[in-house]
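Subject: Structure handover

Hi,

Here is the structure I promised to pass on to you. Have a look at it first, and then read my notes below.

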Number of protein chains: 2
Amino acid sequence: MKIQKITIYDIAQRAGASASTVSSALDGSWKKRRISKKTAERIQEIAVQMDFTINRQAQGLRKAKSGLVGMILPEHNNRFFSDLSQSFAGEVRQRGNCPAIISTRRNEEEELEVVSNFISYAIDALFIVGATNPIALSKLCKSAELPHVFVDQPCELAPSIVTDNYFGAAELTNHLISFSPKSNQELSNQVYFLGGDATLPASSRRIDGFVDTLNNAGIGFTQSHINACGYDRDRAGKELNKLYAQRGGLPSILLINSIDCFEGALKFFSQLPEEEVTKCTIGCFDYDPFGILLRFPVHMIRQRANKLVKEAYDCIENNSGEPILKLIKPELIIP
Amino acid sequence: MKIQKITIYDIAQRAGASASTVSSALDGSWKKRRISKKTAERIQEIAVQMDFTINRQAQGLRKAKSGLVGMILPEHNNRFFSDLSQSFAGEVRQRGNCPAIISTRRNEEEELEVVSNFISYAIDALFIVGATNPIALSKLCKSAELPHVFVDQPCELAPSIVTDNYFGAAELTNHLISFSPKSNQELSNQVYFLGGDATLPASSRRIDGFVDTLNNAGIGFTQSHINACGYDRDRAGKELNKLYAQRGGLPSILLINSIDCFEGALKFFSQLPEEEVTKCTIGCFDYDPFGILLRFPVHMIRQRANKLVKEAYDCIENNSGEPILKLIKPELIIP
DNA sequence: TTAATTTGCAAAATCGATTGTGCAAATTTA
DNA sequence: TAAATTTGCACAATCGATTTTGCAAATTAA
């Protein structure tokens with residue numbers, strides 16, 4: 001049980017060498033620095049014996065690098081975001097670095113504060129997920145020369161990796177149409193889109209995909225068939241209730257945007273007789289494993305968290321920060 | 001856009017003061033160090049003007065503290081663990097520190113490696129969630145004089161905050177008994193426990209609570225009514241299928257241990273006619289919001305992630321590392 | 001008015017690593 | 001054998017903060 005932390009000076013003393021020799025023996029630069037193999041190996045052995053662990057703060061101070069890689073995201077307890085953190089943590093650790101993940105609760109000030117904080121720790125790179133104010137964040141990172149990449153929510157000033165929401169919505173809509181027992185003719189004015197925020201890029205692309213697919217299929221609809229009522233679970237339930245009352249029943253196809261809205265819808269469904277729900281073909285742009293375990297089929301779109309993270313890392317490592325937008329196709333989960 | 005980072009020396013020069021004066025003006029120790037209020041305020045203003053952010057590595061090196069607070073946990077994408085990280089992140093940031101959360105995939109070596117890594121960053125405290133090898137981890141922390149606390153999985157060498165599994169299981173069992181339309185007499189040999197690992201403290205305490213409650217209620221059962229078949233979803237589904245075949249139907253009460261097993265059970269349920277499932281009173285020791293949205297009632301036990309974290313922080317701040325075991329009662333979620 | 005305090009701050013050492021420079025000793029070349 | 005080169009390593013500066021020490025100047029006490 002050591003009490004004082006072992007430093008390179010302790011090793012130097014034991015090895016009868018200088019601290020600089022120890023340093024280069026341990027960080028692998030001994031060949032460049034013309035330390036003999038024999039000396040280097042002896043020092044490495046002693047380091048292991050003495051149970052040496054490097055002081056990352058001293059190292060970081062000198063090298064102006066920390067080995068920390070940061071990620072900010074809206075919240076931890078959300079399937080998609082926690083899939084992202086899981087992948088992120090794996091990728092970072094695979095590269096011998098240390099992940100630092102902080103949630104910023106979709107709060108603009110908190111985002112900026114956390115990034116400032118990260119900068120003062122000299123993190124080596126930053127992954128920004130679902131940013132509220134991408135422009136301000138990117139500017140802040142640039143002023144500190146911090147390599148960064150946006151995930152899920154794009155930024156025009158920096159590389160961005162985003163789910164191909166248009167493609168996903170189109171694919172899901174197509175799938176729902178072909179799964180429904182009704183003909184395209186019969187489906188006119190029977191297809192609804194519920195949830196999300198049309199002012200945000202993600203939802204707006206999804207709505208585009210939905211709309212274009214209906215048009216291509218010759219299925220009639222009006223603006224009233226698209227209800228981007230936000231992400232609140234209870235709100236979505238109420239809107240669905242209203243729709244049900246107006247129509248005197250569920251629509252033939254219902255595409256729900258976001259898992260939270262899906263929860264609200266589910267709550268409403270659980271009050272209806274099962275056969276009524278079964279008659280409605282249901283899709284959800286988001287994924288939850290419980291979705292496929294329900295008594296009626298739910299078709300889901302799952303974002304590829306792992307691929308998003310890998311592509312983002314690729315940008316950090318190879319892309320020199322030029323703004324690009326890379327779309328990742330999500331996958332359809334069929335019950 | 002600054003290119004070179006501003007340091008206290010830059011501020012010193014601009015203020016016509018020394019670096020040591022700047023340092024104490026900025027960290028609040030100026031009063032103790034007999035710097036005049038006027039000077040301190042002037043320096044603070046200049047610091048804001050120059051957009052100064054402290055270099056945490058230099059600070060950490062000198063103070064042998066980093067302002068980082070670490071947490072290790074088995075995985076990010078799990079409701080309970082991500083609730084814990086969310087609470088943890090909030091508590092840490094509230095104290096002006098920076099949370100670092102790393103998942104170690106229930107892998108003993110990975111746990112040790114990550115903790116070593118944390119130590120080399122001089123983190124100020126460590127929260128260890130669901131450890132695989134608590135003893136080894138605690139010893140490692142102690143050798144580095146790192147304050148630490150165990151959450152969810154206790155350790156006899158350090159303070160531990162754990163859900164009161166006995167209480168939770170007893171409460172859930174009691175609730176299921178009283179919810180069931182059958183009398184206690186009728187329930188004999190009709191109550192089952194499924195899932196979990198009886199060799200782990202958590203499950204074993206839950207089984208104790210289950211068993212004692214049945215005994216108290218005078219409900220007969222044998223060892224065959226307790227099937228701690230692990231945490232695998234498909235395995236749990238198979239075991240349930242087997243039980244169903246043997247008995248020629250579902251039991252009157254089924255207590256499922258862990259959300260993963262619940263998913264397996266749910267998959268099996270979805271193949272049965274609804275009225276058959278409704279006749280079985282179902283409980284789950286774990287929580288998922290989808291659970292209350294099913295077509296049949298599911299009674300759930302939810303661990304108080306936030307309280308666990310708060311109590312753990314309290315230990316770190318006030319407890320000086322003596323081993324204690326604190327139990328936190330979970331809450332019953334009624335559909 | 002002189003001695004004793006107090007006030008206000010600068011100087012310098014320190015934390016533990018990295019890295020440019022320089023200098024003997026060993027080796028090669030002429 | 002002497003000169004030139006290479007090998008192997010130590011020394012010292014440096015990163016940016018914190019903290020102990022010390023010393024004038026200002027203030028108070030005697």
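**What I found**

A:Ala64 counts as exposed, at 59% relative accessibility (exposed means over 50% relative accessible area, buried under 20%, and partly exposed in between, with a 1.4 Å probe and protein chains only). Before going further: this is a predicted model, in which local features need pLDDT of at least 70, side-chain atom pairs count only at pLDDT 80 or more, and totals for chains, interfaces and linings use all residues. Residues are numbered from 1 along each chain as its sequence is written, chains are lettered from A and ligands numbered from 1 in the order in which they are written, and side-chain values use heavy atoms, with hydrogens and water left out.

**Two loop residues in chain A**

Back to A:Ala64, which sits in the loop between H4 and strand E1 (68-73) of chain A. (Helices are DSSP runs of H or I with at least four residues, strands are runs of E with at least two, and both are numbered from the N terminus.) A:Ala64 is not a glycine, yet its phi is positive, at about 55°.

A:Arg105 also has a positive phi without being glycine, near 50°. You will find A:Arg105 in the loop between strand E2 (98-103) and helix H6 (108-120) of chain A. With 56% relative accessibility, A:Arg105 counts as exposed.

**How the two protein chains pair**

Chain B superposes on chain A by a rotation of 180° with 0.0 Å of shift along its axis, at an RMSD of 0.1 Å. That is the relation of a two-fold axis.

Chain B gives 60 residues to the contact and chain A gives 59 residues, where contact means heavy atoms within 4.5 Å. Together, the chains bury about 5,400 Å², with 57% of it on carbon and sulfur atoms. B:Gln57, B:Phe290 and B:Arg295 supply 15% of the area that chain B buries against chain A, more than any other three residues. (Buried area is the accessible area, with a 1.4 Å probe, that two parts lose on being put together, summed over both.)

**DNA strand C**

There are 26 residues around DNA strand C, and A:Ile8, A:Ser23, A:Arg33, A:Arg62 and B:Thr39 come nearest. A residue is near a strand if one of its heavy atoms lies within 4 Å of it. By class, the surface near DNA strand C divides into 9 nonpolar, 11 polar and 6 charged residues. (Ala, Val, Leu, Ile, Met, Phe, Trp, Tyr, Cys and Pro count as nonpolar, Asp, Glu, Lys and Arg as charged, and the others, Gly among them, as polar.) H4(A) provides the largest share of this surface, 5 residues.

Some polar contacts are worth a look, meaning pairs of N or O atoms within 3.5 Å; within protein, one must be able to donate a hydrogen and the other to accept it, and residues adjacent in sequence count only if both atoms are side-chain atoms. An N or O atom in the side chain of A:Arg62 is 2.3 Å from a base oxygen of DNA strand C.

**DNA strand D**

DNA strand D has 26 residues around it, with A:Thr21, A:Thr39, B:Ile8, B:Ser23 and B:Arg62 coming nearest. Of its atoms within 4 Å of the protein, 46% belong to sugar or phosphate and the rest to bases. Here H4(B) gives the most to the surface, with 5 residues. A backbone N or O atom of B:Ala58 lies 3.3 Å from a base nitrogen of DNA strand D, while an N or O atom in the side chain of B:Ser23 is 2.3 Å from a phosphate oxygen.

**A buried tyrosine**

A:Tyr192 lies in strand E6 (residues 191-194) of chain A and is buried, with a relative accessible area of 11%. Its C-alpha atom is separated by 4.8 Å from that of A:His225, 33 residues apart along the chain. Not counting residues up to four places away in sequence, A:Tyr192 touches several residues, including A:Phe210, A:His225 and A:Leu255.

Happy browsing!

Methods. Least-squares fit on C-alpha atoms with pLDDT ≥ 70 in both.
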